[in-house]
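Subject: Handing over the structure, with notes on what was found

Dear colleague,

I am passing this structure on to you, and I would ask you to open it beside this message while you read. My notes follow below it.

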Amino acid sequence: MAQRWLQLQVNGRLHTLAAHGRALLLDVLRDGLQLTGTKQGCDGGECGACTVLVDGEPRLACITLAASIEGRAVETIESLATQGRLSALQRAFHEKLGAQCGFCTPGMVMAAEALLRRVPQPSEAQIRDALAGNLCRCTGYVKIVESVQAAAGAAQERLP
Amino acid sequence: MKSRHAPAPRDPAPPTHSIGLPRPLVDGLDKVSGRALYTADLPFAGALVGRIGRSTVAHGLIRRIDATRALALPGVRAVITGADFSAPYGVIPIAENEWPLARERVRYRGEPLFAVAADDARTAQAALAAVEVEIDPLPAYFDTESARSPDALQLHDDKPGNLERRVEQDFGDVEAGFAAADLVLERNYDCAEVAHGQIELNATVAQWDAEREQLTVHSVTQVPYYLHLMLAQTLGLDGAAVRVVKPFVGGGFGHRVEPLNFEMVTAALARAAGGTVKLELTREETFLTHRGRPATQTRLKIGLKTNGEITAVDAEVVQRGGAYAGYGLVTILYAGALLHALYRVGAVRYRGYRVYTNLPPCGAMRGHGAVNVRFAFESLLDEMAGQLGLDPFALRRANLITPPYRTLNDLQVNSYGLPQCLDAVEKASGWHERRGRLPQTPGLRRGLGMACSHYVSGSAKPVHWSGEPHAVVLLKLDFDGGITLLTGAADIGQGSSTLLTQVVAEVLLLPMPRIRVVATDSALTPKDNGSYSSRVSFMVGNAALRAAEALKRVLVEAAARRLEVAADEIEWLGESCAVAGSDRRLLFADVVQAALVDTGTLTVKGTWSTPPETQGGKFRGAAVGSTAGFSYSAQVVEVEVEEDTGAVRVLQVWSAHDCGRALNPLAVQGQVQGAVWMGLGQALGEETQYHEGLPLRANFIDYRIPTSVESPPIAVTLVESIDPLGPFGAKEASEGGLHSVPPALAAALHDATGLRLHALPITPDRVLEALQQRQRDERLAAARAQRAALAAAAAASSSGG
């Protein structure tokens with residue numbers, strides 16, 4: 001199949017790589033850029049494990065053509081830490097046990113990240129709505145919701 | 001009854017340092033940062049791509065598999081069939097009747113037939129299509145009735161009537177028990193088949209070293225040891241030529257307890273291709289691999305005294321097992337064994353039938369074997385409590401056990417926190433104040449329901465009875481002052497590596513970061529029986545406790561030598577130690593240095609085995625259900641039912657779980673919440689479905705696990721009964737809460753609407769149908785009453801006139 005050059009801005013870095021026109025963003029991230037933090041848990045658009053941010057909005061990388069997001073900013077789980085230090089949201093998922101097996105966690109954290117950027121102090125219902133496309137089989141979502149609330153609370157405390 | 005089997009309490013030091021404190025997972029940082037490598041993430045550049053070709057026929061004789069055209073495609077490196085394996089496999093040594101790729105006969109639609117390895121995914125896919133397959137169809141059976149009919153073809157030659165296992169157990173005089181009862185009720189219950197639905201897709205990477213004839217396999221397993229055994233067996237290799245590594249695993253729930261066909265297929269492909277093969281299953285294939293909870297029909301009869309005392313139980317259970325044995329005989333035994341040990345019961349008759357059908361094989365799933373029967377049992381108790389005018393809590397309290405207690409079927413109960421669980425959820429839910437007084441709005445009915453359950457902390461007899469200890473943990477201490485904990489226990493997200501670290505840190509009074517866990521690499525770590533039946537906290541925790549105590553003895557003796565005092569004069573403080581009553585002390589680094597003199601790197605071992613009195617009775621099948629410690633659980637569920645649609649919404653669950661001692665309250669809460677929630681999923685909507693063997697719901701759109709929006713708050717109370725055999729008194733925490741959720745939900749539905757549903761899942765269409773049927777019945781009754789009244793009036797007027 002014919003390949004073409006693709007320019008992708010991922011986690012603040014510009015990557016030029018060869019890919020065929022039907023390449024999915026998920027495969028380009030995982031196989032092309034070795035960013036394996038983004039997971040595949042289904043056959044397309046069912047589970048949310050592959051959630052990344054495109055221009056700040058949550059997108060399912062497994063049903064997104066890589067070519068369709070040229071020139072747009074992609075963020076994956078690997079982008080959240082700063083110099084190896086966790087973001088507030090990651091820290092909350094760690095400390096509140098928002099992650100058990102951890103497989104849904106990257107997608108879950110990215111979906112929550114998009115929410116907190118849009119709504120810094122979400123209600124429980126807003127959190128549950130924002131995560132409704134991300135399946136978790138371990139937690140019953142209880143500690144995931146608490147993790148997002150804790151991260152929002154920590155951000156609130158930092159405000160002057 | 002008092003038992004002579006009471007084990008001596010262990011009297012652990014009161015935990016102060018690490019145990020009992022909420023700790024994040026030791027590998028949590030890797031998970032939230034995206035660094036954690038699961039099998040599909042492993043960087044094996046240049047690995048060949050494996051794919052499996054599957055049967056499109058549910059039952060048939062394989063006439064021909066011709067790979068000539070596939071092998072001619074450029075980039076195709078290997079095609080294998082069942083002929084490439086040396087032996088069949090199975091998780092239970094007496095029931096190994098499955099081949100990684102079918103030989104001679106296929107028994108379910110989607111069964112692996114052949115596999116290919118190719119340079120890339122597209123070539124592999126093309127190769128699958130190029131393999132020619134001819135199968136002569138045979139009659140196929142998709143339900144237990146047709147499979148058991150006298151003229152049905154046998155799926156397996158050694159199993160007449162397609163009965164994989166028939167269980168007949170009688171304990172006590174059941175007929176006398178029913179005769180002594182004031183109320184006897186019998187009902188039939190139906191539970192649909194459900195699947196684990198772990199979010200990580202199945203995947204395996206196999207490396208074949210052709211020169212050395214050695215195999216290394218990375219896979220998604222919960223039990224690397226079983227996989228190791230079956231890789232060697234099916235590939236005809238010496239065990240020492242096999243290395244099995246478990247990377248991060250994205251959930252198990254029982255799906256990955258058995259060695260699975262794709263794991264052995266990947267290994268055989270790697271050998272055939274002479275290299276490294278990565279095989280990733282799709283979600284559809286992951287569902288097809290199955291091993292889920294079987295569809296179960298239960299006929300249950302219970303006798304009660306007016307005070308609620310259970311005089312007799314008569315249960316008949318039929319499980320639709322699927323095409324191969326898997327764990328089946330254990331599942332059908334669990335269903336009977338765990339009729340006991342939750343309550344005192346007068347007498348029990350159990351008949352169990354595990355039936356082969358032409359569907360993907362069932363296996364072990366969270367709460368193995370006991371969930372569907374518990375649904376029946378608790379549902380019937382709820383109904384009978386209503387008929388006797390007893391509060392459901394009072395009925396349970398009429399049947400409590402006093403530990404130590406020996407059940408009728410020889411199970412040993414050493415600790416029993418059910419009374420405290422009942423108290424906790426009764427109070428937390430406001431049961432007496434709120435039940436019957438919930439705010440009701442037009443079209444919306446609210447109700448409360450409760451139920452109880454229990455589960456084992458590991459099977460007291462392992463599947464492979466080798467005479468080895470149940471668990472072995474090694475601790476390695478070296479010049480750097482770091483302690484490496486070597487364990488075969490598979491952390492599948494439940495946090496086993498964390499709690500083992502906590503146990504060692506607690507005994508040695510050391511900070512957790514001083515302890516590193518190296519787990520589940522057969523080249524490095526001791527064998528472990530694996531992460532199933534909730535055995536790890538109890539058994540491996542006990543082994544870790546003993547290993548830490550052994551290391552502490554060595555360190556104390558070294559300190560005593562260095563300080564030239566007797567060992568019993570040393571006061572151990574963790575990061576330092578002192579001569580008691582003096583200011584003479586040594587830092588940990590100095591103690592380590594002293595301990596390594598003349599011997600160098602230290603390795604100590606801790607082992608643990610279940611005491612014989614916990615290993616069950618002598619009758620056939622007695623090992624199943626036996627355990628060194630039962631957990632106990634009680635739930636209250638509050639629901640809201642929409643009368644126009646039949647939709648059931650769970651508003652809140654109050655759960656109490658007797659985990660013995662919460663080694664890590666944060667992790668234990670997380671396990672209990674997960675178990676409760678999985679029970680809600682089964683109760684509300686989860687169901688695999690097949691049409692002529694074709695799976696209809698092999699994806700997460702049609703197989704609906706609850707989302708965050710449909711999931712309620714789950715408030716957990718941890719009850720600590722301090723088990724005499726558990727490490728620091730701990731017992732299991734991640735399964736026993738599940739069983740009681742579906743019946744508590746069904747009871748809440750009855751409280752809300754007056755409807756008794758006897759089938760799972762309780763879907764909106766079932767609820768709506770039941771509501772409409774009741775309306776039809778009421779209208780019919782009213783019309784009949786009216787007609788009768790008119791007729792009576794007419795008769796009265798004619799006779800009077």
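At what angle do the axes of helix 15 of chain B and helix 16 of chain B cross, and within what distance do they come? Before the reply, please keep in mind that this is a predicted model. The axes of helix 15 (residues 536-563) and helix 16 (residues 588-596) of chain B cross at roughly 90° and come within 8 Å, and the two helices are therefore roughly perpendicular to each other. In general, two packed helices are described by the angle between their axes and the distance between the axes.

On the side of helix 15 of chain B, the contact is made by Val554(B), Leu555(B), Ala558(B), Ala559(B), Arg561(B) and Arg562(B), while helix 16 of chain B brings Asp590(B), Val591(B), Ala594(B) and Ala595(B) to it. Sorted by class, the residues of this contact are seven nonpolar, no polar and three charged.

Three strands, in the order 22-23-24, form an open sheet with antiparallel pairing; its edge strands are strand 22 (570-572) and strand 24 (585-587) of chain B, each of which pairs on one side only. Direction ignored, neighbouring strands of this sheet are turned by 20° against each other on average. Strand 22 of chain B pairs with strand 23 (residues 576-579) of chain B over three bridges, in the antiparallel sense, and Glu571(B) stands opposite Ala578(B) of strand 23 of chain B.

Turning to the domains of chain B, the assignment divides the chain into domain 1 (140-399), domain 2 (400-461 + 611-762) and domain 3 (463-609). The C-alpha centres of domain 1 and domain 2 of chain B lie 18 Å apart, and the contact between these domains takes 50 residues from domain 1 of chain B and 50 residues from domain 2 of chain B. On the side of domain 1 of chain B, the elements that give two or more residues include strand 7 (163-171), strand 8 (183-191) and helix 10 (371-388) of chain B, and helix 10 of chain B supplies the largest share, seven residues. That side of domain 1 of chain B has 27 nonpolar, 10 polar and 13 charged residues.

Eight bridges join strand 7 of chain B to strand 15 of chain B, and the two run antiparallel, whereas strand 14 (residues 310-322) of chain B pairs with strand 15 of chain B in the parallel sense over nine bridges. Gly352(B) in strand 15 of chain B has Val167(B) opposite it and also Val317(B) opposite it. Strand 15 (residues 348-356) of chain B is mostly covered, with eight of its nine residues buried.

In chain A, the assignment gives domain 1 (3-79) and domain 2 (88-158), and their C-alpha centres lie 22 Å apart. Here 15 residues of domain 1 of chain A are in contact with 13 residues of domain 2 of chain A, and the largest share of the domain 1 side, three residues, comes from strand 3 of chain A. In helix 1 (residues 25-32) of chain A, Leu25(A), Leu26(A), Val28(A), Leu29(A) and Arg30(A) are buried, and what covers these buried residues includes strand 1 (3-10) and strand 2 (13-20) of chain A. Just after helix 1 of chain A, Gln34(A) takes a positive phi of about 55°.

Finally, how many residues of each chain take part where chain A and chain B are in contact? There, 41 residues of chain A are in contact with 44 residues of chain B. Helix 2 of chain A gives the most to the chain A side, with four residues, and that side divides into 21 nonpolar, 12 polar and eight charged residues.

With best wishes

Technical notes: Residues numbered from 1 in each chain as written. Chains lettered and ligands numbered in written order. Predicted model: local features only at pLDDT ≥ 70, side-chain atom pairs only at ≥ 80, totals over all residues. Contact = placed C-beta atoms within 7 Å. Nonpolar A, V, L, I, M, F, W, Y, C, P; charged D, E, K, R; others polar. Domains from an automatic or database assignment. Axes fitted to C-alpha atoms, helices over the stretch in contact; angles between N-to-C directions. Parallel < 35°, antiparallel > 145°, perpendicular 65-115°, else oblique. Pairing = 2+ DSSP bridges. Buried ≥ 20, exposed ≤ 12 C-beta atoms within 10 Å, placed from the backbone.
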